[in-house]
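Work through the exercises below with the sequence and the structure at hand. Each task is followed by a solution in steps.

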Amino acid sequence: NADIKINGLDLTELYPSVPLTHLSMNLKADGHGFDLFDKETRYDVTLDIDSVKYDKYHLKEFSLVARQKAGKSDIILQTDDQNLKLRLDAKTGLRPSGIRNRTSLVVEKADLKELGIMDVPFDTEMNLDVKFSTDMDKTHKLKFEGKEIVLNTQIKRFTPKDIFIDFATSPDTTYLTARNGDLIIGGNMKCGYTELFKAIDDLKNMFIDATKNHEMIHFLHDYENLLPQMNFSLDCGTDNMLANVLAIKQMRANSIKANLAIGSKKGLNISAGVYGFRTEGLNLDTVRMFTRQEGNRLRYLAGIRSTSVDEMSQKNTYSALLYGYMANDSLTANAVYRDSKDDLILKTGIVSTMKPTELDISFVPEAIFLGKPFFFNKENYIKVGKDIEGYREHIRLADRLAHVTAESTGKGVGHTATDDNLIDLLHKSLDDGNLG
């Protein structure tokens with residue numbers, strides 16, 4: 001039992017380090033027990049705060065009523081301050097086997113600047129409704145709705161669309177649905193979140209083992225077999241909170257789309273695109289990428305097409321494309337870049353063999369760079385391995401050779417990269433060991 005009344009307490013007189021300069025309140029409490037999950041536990045608490053000043057925060061007309069009996073809890077919180085007007089109702093069922101809760105919050109006004117929470121003018125209004133349940137183990141559910149949201153800033157008044165979130169997870173399935181205006185997010189997974197974390201940990205351990213054991217070779221499907229089946233999708237237009245955030249940062253996109261499907265049977269399949277993305281100095285018509293699993297082969301493509309923001313200028317106009325595939329321990333990659341006149345600036349490709357600690361790369365012949373044939377070396381071949389010290393020694397050797405050749409030919413160091421003798425010497429040094 002408790003019955004407390006305080007009128008005009010200034011705690012700084014006793015404890016100067018505690019910035020509580022004023023408190024007027026009434027508290028009445030009656031209860032029995034401390035275990036909230038025990039049916040015998042009960043309490044009845046009423047708290048009325050007439051005024052409180054703590055540091056730069058000042059609040060008036062605050063009340064709290066909290067009751068529990070037979071495993072059912074009710075909490076009502078209200079404020080009628082000139083800078084904060086809200087009401088919160090929370091009803092909860094408490095059992096050793098789980099918790100079920102429904103909470104509603106109605107905010108008529110919250111002036112965050114006057115409350116000392118923000119330095120710039122900002123106030124808000126909203127209605128929120130939350131439903132939550134859990135078995136205290138691996139099964140959890142959450143539903144969230146946000147309606148009639150108003151955000152007032154010193155520049156503009158924002159009225160975001162309603163927000164809806166539905167999430168649930170259990171040992172054998174997990175799903176998520178979220179909506180806000182024309183923003184729609186969806187996902188599902190054939191396992192719980194703990195199983196997903198375990199799969200990620202197994203992937204990490206497999207990769208670490210492969211890097212430590214030079215004889216161990218893992219193919220793409222070895223990693224995919226560890227992943228649970230999952231799907232994810234995102235569709236974003238121009239009328240939602242994500243678009244509003246981009247607009248605040250002076251960015252805009254007509255559309256953003258993404259789809260992901262992963263599983264031991266389907267493999268890895270991704271498609272994503274951003275269309276009509278614009279900033280003050282950038283205009284990307286299309287940013288597109290996808291991966292597609294075809295048996296043990298994973299195809300991929302990524303591309304960008306841009307036009308100049310300034311119609312009188314062509315300097316930002318270009319298109320670029322990267323595509324290829326992964327299969328077993330091999331990787332192919334092709335790159336194409338065209339300028340504003342659609343002239344071919346770069347065209348090249350590589351075929352590589354991937355191992356845990358090294359990478360063999362062969363450049364496809366007839367590559368083009370700056371409109372001219374390009375060769376990395378005579379065989380268009382490079383080997384990247386784990387010998388970091390060997391790599392540093394090659395760099396030191398290359399630097400010495402560059403200066404020696406510059407002195408012997410009378411050319412500047414900047415011209416020695418085209419010297420045939422130097423290229424032969426560098427290529428020979430690379431053949432003597434791995435390049436880290």
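Helices (H or I, at least four residues) and strands (E, at least two) are DSSP runs, numbered from the N terminus. The chain has 5 helices and 25 strands. This is a predicted model, in which local features need pLDDT of at least 70 and side-chain atom pairs count only at pLDDT 80 or more, while totals for chains, interfaces and linings use all residues. Residues are numbered from 1 along each chain as its sequence is written, and side-chain values use heavy atoms, with hydrogens and water left out.

**Exercise 1**

Step 1. A salt bridge is a side-chain nitrogen of Lys or Arg within 4 Å of a carboxyl oxygen of Asp or Glu. Side chains of opposite charge can pair when their charged atoms come close.

Step 2. For accessibility, buried means under 20% relative accessible area, exposed over 50%, and partly exposed in between (1.4 Å probe, protein chains only). Lys198 is exposed at 52%, whereas Asp202 is partly exposed at 26%.

**Exercise 2**

Which residue forms a salt bridge with Asp235, and which strands does the pair tie together?

Step 1. The partner of Asp235 is Lys257, and their closest N and O atoms are 3.1 Å apart.

Step 2. Asp235 sits in strand β14 (residues 230-236) and Lys257 in strand β15 (residues 255-263), so the pair ties together parts that are 22 residues apart in sequence.

Step 3. Asp235 is partly exposed, with a relative accessible area of 33%, and Lys257 is partly exposed at 36%.

**Exercise 3**

Is Asp166 buried or exposed, and what is its nearest side chain of opposite charge?

Step 1. Locate Asp166 in strand β11 (residues 163-170).

Step 2. Asp166 is buried and has no salt bridge. Lys and Arg count as positive and Asp and Glu as negative; His and the chain ends are not counted. The nearest side chain of opposite charge is that of Lys143, 4.4 Å away.

Step 3. Contact means heavy atoms within 4.5 Å. Leaving out residues up to four places away in sequence, Asp166 touches Leu142, Lys143, Tyr175, Leu176 and Thr177.
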